[in-house]
Amino acid sequence: MSTTAEAHHDHHDAPSGIKRWIFATNHKDIGTMYLVFSGLMFFTGGAMAMIIRAELFQPGLQFVDPGFFNQMTTMHALVMVFGAVMPALVGLANWMVPLMVGAPDMALPRMNNWSFWILPVAAILLVSTLFMGGGAPASGWTMYPPLVLQTGDAFPFLIFSVHLLGMSSIMGAINIVVTIMNMRAPGMGLLKMPLFVWTWLITAYLLILAMPVLAGAVTMLLTDEYFGTSFFNAAGGGDPVMFQHVFWFFGHPEVYIMILPAFGIVSQIIPTFARKPLFGYDSMVYATASIAFLSFIVWAHHMFTVGMPLAGQLFFMFSTMLIAVPTGVKVFNWTATMWKGSLTFETPMLFAVAFLFLFTIGGFSGLMLGITPADFQYHDTYFVVAHFHYTLVPGAVFGIMAGVYFWLPKWTGHMYNEKLGKLHFWLSAIFVNVTFFPQHFVGLAGMPRRIPDYATQFADFNMISSIGAFVFGASQLLFVYIIWSCVRGGEKASTQVWEGAEGLEWTVPSPAPHHTFEVAPEVR
């Protein structure tokens, strides 16, 4: 069939209405569905966080019983990690990777459809555990035995939903790898790819390596509960600490899976608004790869207090320190990119700069936690909560928001309302700090995490933290309104969306060409 006939045929057969979405194979439609799903989950997980912060507003038990409180901490984490952050990043990859490598679509469009539609099913299964006998797990997102085994009827549903979420991630990752490796435009070598593509290529490999480990860990939990095995049951010769090793061997790469694509987004945005090429493109690629490699050999820094040998403590401490090197390279390169650039601060750039500052705070508190003797004091306190929320909220979430603002004009053909975008930024940036910064202090003063009630000396900081959380949460409704009104219409986006940055969006993140055009380049 000729191309024109094919296009004509497609046009008539393209399903419309709801079928367009159910049977979607177009990477843009699937990317959009991922982003919408992620938004719904973001507000679901956010509502759970509001319950947690309402209970912690003052000492004593106010609104929920301790069991339900701990179910909320568990579900908030699982929903945010597997329902909000990861699908949002996969949605951005679906939208942008084919466009950035010059591919007509993702390599495996039908699998792409499947990997999306598994998600809502898994999410419904996960959230439905709240309404089952025994209730959702109150074990934290880490699902440690024997705590997680006390969930009764809900337990197998939790395990099944985790399996489905993992399947979706693995299929999405395979699709991204195949698309990038096999469908790049002619002449686009690996070291000519935009950095967002590079970070996603590396992230996809992390997913393919890490997710099956989680699947193995939760399957062992399942057989311990129902098939008489004793992997983690000390009475049968098992070891609950082994679960921690297996879980964190997945869990540590997982946190990099959530941040590396955000690094990629920031590496696209900063050069665009600094109006100069990214400083040290090659070193950024190598730094990303180093972080990914190191993420697999530092897992037990989550477990310094379990009683591991001194040699183990030293190895995991030093290898954790090592991750600071490539991460520092990235931070310095972003800063050097802005140095003496013609900077303007539209909303995407504001989010990218806030990302740079606040993610670095999360990095430094991570270094503190990486020091073994110090970690004995910090472990399981609110200091840990402050640390990972600084990497995940102003880190991953701000990265996603920056990307959405940056690419919305490209996706919709309309400009969003810049004034409202800036208002959303300032509310988010201020109140994310009001929420999480005080948690460093209560943590250092010894307040344990995952508790619904606390000693009165922590009351003031908890109240500040809760107020910050309520305002931060409410200001995300503004984000929805901005996107909604942009999709509905609004000022038409010109070919030169960002003032003075015409064409930069694609050319900047790749290295500058080797030749000048004084002599006509040889055409092969």
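Analyst: A term first: a nonpolar core is here a set of buried Ala, Val, Leu, Ile, Met, Phe, Trp, Tyr and Cys residues joined through side-chain atoms within 4.5 Å. Please also keep in mind that this is a predicted model.

User: Which residues touch the most other members of the largest nonpolar core?

Analyst: Those are Phe-82 and Trp-334, in a core that holds 162 residues. Helix 4, residues 66-101, supplies the largest share of this core, namely 22 residues. Apart from it lies another core of 5 residues, including Leu-369, Ala-374, Tyr-378 and Val-384.

User: What is Phe-82 in contact with, leaving aside its neighbours within four places in sequence?

Analyst: With that exclusion, Phe-82 is in contact with Pro-87, Leu-119, Trp-141, Leu-165, Met-211, Leu-214, Phe-250 and Glu-254. Phe-82 also belongs to a cluster linked by ring pairs, together with Trp-141, Tyr-144, Phe-231, Phe-232, Phe-243, Phe-247, Trp-248 and Phe-250.

User: Rings, then. How many aromatic pairs does a search of the whole structure find?

Analyst: The search finds 38 aromatic pairs. One of them joins Phe-249 and Phe-296, a tilted pair with 5.4 Å from centre to centre and 50° between the planes. Phe-249 lies in helix 8 (residues 240-274), whereas Phe-296 lies in the loop between helix 9 (281-294) and helix 10, so this pair ties together parts that are 47 residues apart in sequence.

User: And is Phe-296 buried or exposed?

Analyst: Phe-296 counts as buried because its relative accessibility is 14%, and the cut-off for buried is under 20%.

User: What sort of aromatic pair do Phe-437 and Phe-441 form?

Analyst: Phe-437 and Phe-441 form an edge-to-face pair, with 5.5 Å from centre to centre and 80° between the planes. Both residues are in helix 14, and because they are 4 residues apart they are separated by about one helical turn. Phe-437 is partly exposed, at a relative accessible area of 33%, and Phe-441 is partly exposed too, at 39% relative accessibility.

User: Switching to charges, how many salt bridges does the count come to?

Analyst: The count comes to 2 salt bridges. In one of them the side chains of Asp-29 and Arg-20 meet, at 2.8 Å from N to O. Asp-29 counts as buried at 12% relative accessibility, while Arg-20 counts as partly exposed at 38%.

User: How far apart are the closest N and O atoms of Arg-449 and Asp-380?

Analyst: Those atoms are 3.6 Å apart, and the two residues form a salt bridge. The pair links distant parts of the chain, 69 residues apart: Arg-449 sits in the loop between helix 14 and helix 15, and Asp-380 in the loop between helix 12 (372-378) and helix 13 (382-412). Arg-449 is buried, with a relative accessible area of 17%, whereas Asp-380 is partly exposed at 36%.

User: Now some backbone detail. Which peptide bond is cis?

Analyst: The bond from Pro-145 to Pro-146 is cis, its omega being near 0°. Pro-146 lies in the loop between helix 5 (109-128) and helix 6 (154-182).

User: What is phi for Lys-340, and what is it for Arg-450?

Analyst: Lys-340 is a residue other than glycine with a positive phi, near 60°, and Arg-450, which is not a glycine either, has a positive phi of about 60°. Lys-340 is found in the loop between helix 10 (310-338) and helix 11 (347-370), and Arg-450 in the loop between helix 14 (418-444) and helix 15 (459-488). As for accessibility, Lys-340 is exposed with a relative accessible area of 75%, while Arg-450 counts as partly exposed at 28%.

User: One last item: what span should helix 3 have, and what does the model give?

Analyst: Helix 3 has 29 residues (27-55), which at 1.5 Å a residue should span 42 Å, and its end C-alpha atoms are 42 Å apart, so the two values agree. At the start of helix 3, a side-chain oxygen of Asn-26 comes to within 2.6 Å of the backbone nitrogen of Lys-28.

Conventions
Residues numbered from 1 in each chain as written. Predicted model: local features only at pLDDT ≥ 70, side-chain atom pairs only at ≥ 80, totals over all residues. Heavy atoms only, no water. Helix = DSSP H or I, 4+ residues; strand = E, 2+ residues; numbered from the N terminus. Buried < 20%, exposed > 50% of the residue type's maximum accessible area, 1.4 Å probe, protein only. Contact = heavy atoms within 4.5 Å. Phe/Tyr/Trp six-rings, centres within 6.5 Å; stacked < 30°, edge-to-face > 60°. Salt bridge = Lys/Arg side-chain N within 4 Å of Asp/Glu carboxyl O. Expected span 1.5 Å × (residues − 1). Polar contact = N/O pair within 3.5 Å; in protein donor to acceptor, adjacent residues only side chain to side chain.
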